[in-house]
Amino acid sequence: MGTPGIDQWVLHIDLDQFIAAVEVLRNPELAGRPVVVGGRGDPTERGVVSTASYEAREHGVGSGMPLRVAARKIPDAVFLPVDADTYNEVSQVVMDTLRGFDVVVDVLGWDEAFLGVKTDDPETFAREVQAAVLDATGLRCSVGIGDNVLRAKIATGFGKPRGIFRLTRDNWFAVMGERSPDSLWGIGSRTVKKLDAMGIRTVRELARAPVDEMAARFGPKIGPWLVGLGAGAGSTEVSAEPWVARSRSRETTFQHNVSDWNAITACVRDLAARAVDDVRGEGREGVRVALKIRYAPFVTHTASVALPSPTTDLATVTDAAVGLLDRFDHEREVRLVGVRVEMTPPENVRSH
């Protein structure tokens with residue numbers, strides 16, 4: 001039942017193994033088999049895993065892993081190409097189903113959303129959501145229930161798959177206190193190493209860390225924010241404003257390592273042109289350009305530069321992207337090149 005003092009619950013809806021689940025819906029014979037979706041579905045080509053079914057994850061295959069590595073781990077896995085149009089279509093049905101509950105829905109991507117719900121029984125509401133999504137799409141989802149966005153997001157992990165879990169101030173330290181700080185949404189491995197050097201190795205220790213020391217180590221904003229994360233602090237507001245992209249990017253993975261930097265420069269120009277077309281399609285302007293280079297075998301470096309003023313001028317953006325090549329090691333072979341253009345935010349619309 002409800003908890004006194006909580007006017008609105010935050011529910012985090014996360015579709016279980018979404019992309020793989022959609023592929024199984026299209027081809028039921030895949031049920032129970034290790035399914036890996038990524039690139040063009042050919043593990044002999046360069047590309048990375050977009051998602052893997054639970055059966056594939058049991059063998060250590062996960063998102064971001066090179067397809068060739070996944071194939072070595074599971075030679076008999078089913079490899080499929082990414083079909084973004086289909087995933088968009090199914091995701092839209094899911095989000096429309098959530099909106100049918102007449103609650104605030106904050107869409108995070110294809111497979112997850114936050115709901116702002118006023119109810120005395122969030123578990124019952126969560127079960128109704130699960131049933132509605134299953135009925136509309138055939139897909140299963142997990143639901144995290146929290147008294148703020150952070151706790152709801154983290155709670156979902158404890159409910160997977162197909163489950164429901166509640167995480168609030170009442171059980172925060174009982175559930176999270178002895179876990180590593182990287183179990184918190186927003187803390188990565190680099191931050192964990194810095195915290196470890198300070199003797200902070202658990203969520204409870206992070207919550208109790210002196211704010212002034214944390215500010216001195218991580219900065220006046222990040223330091224106190226990290227302490228707040230340790231205590232489970234987070235926004236209680238769920239926004240229904242439409243999500244819009246903060247940037248547009250294009251990238252190319254070479255099937256063979258490239259050592260000719262003239263060819264890489266030509267590739268950067270092409271990618272920049274395609275990214276600019278995408279930005280123009282948004283009716284917005286570019287404000288910053290970033291270049292991503294992945295050296296062989298799999299080391300990624302990035303560099304970026306602000307544009308002199310907001311623009312969609314192709315020459316300006318292209319020159320900025322090509323200029324960033326000077327920051328990279330031209331003695332190394334390259335396997336991937338990417339160009340990203342960050343955009344001006346639309347008026348009155350939240351961007352991520």
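Modeller: A nonpolar core is a set of buried Ala, Val, Leu, Ile, Met, Phe, Trp, Tyr and Cys residues joined through side-chain atoms within 4.5 Å. The model discussed here is predicted.

Biologist: How many residues does the largest nonpolar core have?

Modeller: Leu11, Ile13, Phe18, Leu98, Leu115 and Leu139 have the most contacts inside the largest core. Helix H4, residues 84–99, gives this core its largest share, five residues. Apart from this core lies another, of 30 residues, with Cys267, Ala275, Val317 and Val339 among them. The residue count of the largest core is 33.

Biologist: Which residues is Leu98 in contact with, leaving aside its neighbours within four places in sequence?

Modeller: In soluble globular proteins, nonpolar side chains tend to be buried together. Leu98 is among the residues with the most contacts inside the largest core. With neighbours within four places in sequence left aside, the contacts of Leu98 are Ile13, Val103, Val105, Ala113, Leu115, Val129 and Val133.

Biologist: Why is strand E6 largely enclosed by the rest of the structure?

Modeller: Glu112, Phe114 and Gly116 point one way from E6, and Ala113, Leu115 and Val117 point the other way. Buried means under 20% relative accessible area. Strand E6 covers residues 112–117 and is largely enclosed because, of its six residues, the number buried is six.

Biologist: Which residue stands opposite Phe114 in E6?

Modeller: Strand E1, residues 9–15, pairs with E6 in the antiparallel sense, over six bridges. Opposite Phe114 stands His12.

Biologist: What is the bridge partner of Val107 in E6?

Modeller: Strand E5, residues 104–107, runs antiparallel to E6, and four bridges join the two. A hairpin of four residues also connects E5 to E6. In E6, Val107 has as its bridge partner Ala113.

Biologist: Is Asn148 buried or exposed?

Modeller: Asn148 sits in the loop between strand E7 (141–146) and helix H6 (149–159). Leaving aside neighbours within four places in sequence, Asn148 is in contact with Val10, Gly232, Ala233, Gly234, Ser235 and Thr236. The cut-off for buried is under 20% relative accessible area. Asn148 has a relative accessible area of 4%, so this residue is buried.

Biologist: Which residue has its backbone nitrogen 2.8 Å from a polar atom of the side chain of Asn148?

Modeller: The side chain of Asn148 reaches the backbone nitrogen of Leu150 at 3.2 Å. At 2.8 Å from a polar atom of that side chain lies the backbone nitrogen of Arg151.

Methods:
Residues are numbered from 1 along each chain as its sequence is written. This is a predicted model: local features need pLDDT of at least 70, side-chain atom pairs count only at pLDDT 80 or more; totals for chains, interfaces and linings use all residues. Side-chain values use heavy atoms; hydrogens and water are left out. Buried means under 20% relative accessible area, exposed over 50%, partly exposed in between (1.4 Å probe, protein chains only). Two strands pair if DSSP finds at least two bridges between them. Contact means heavy atoms within 4.5 Å. A polar contact is a pair of N or O atoms within 3.5 Å; within protein, one must be able to donate a hydrogen and the other to accept it, and residues adjacent in sequence count only if both atoms are side-chain atoms.
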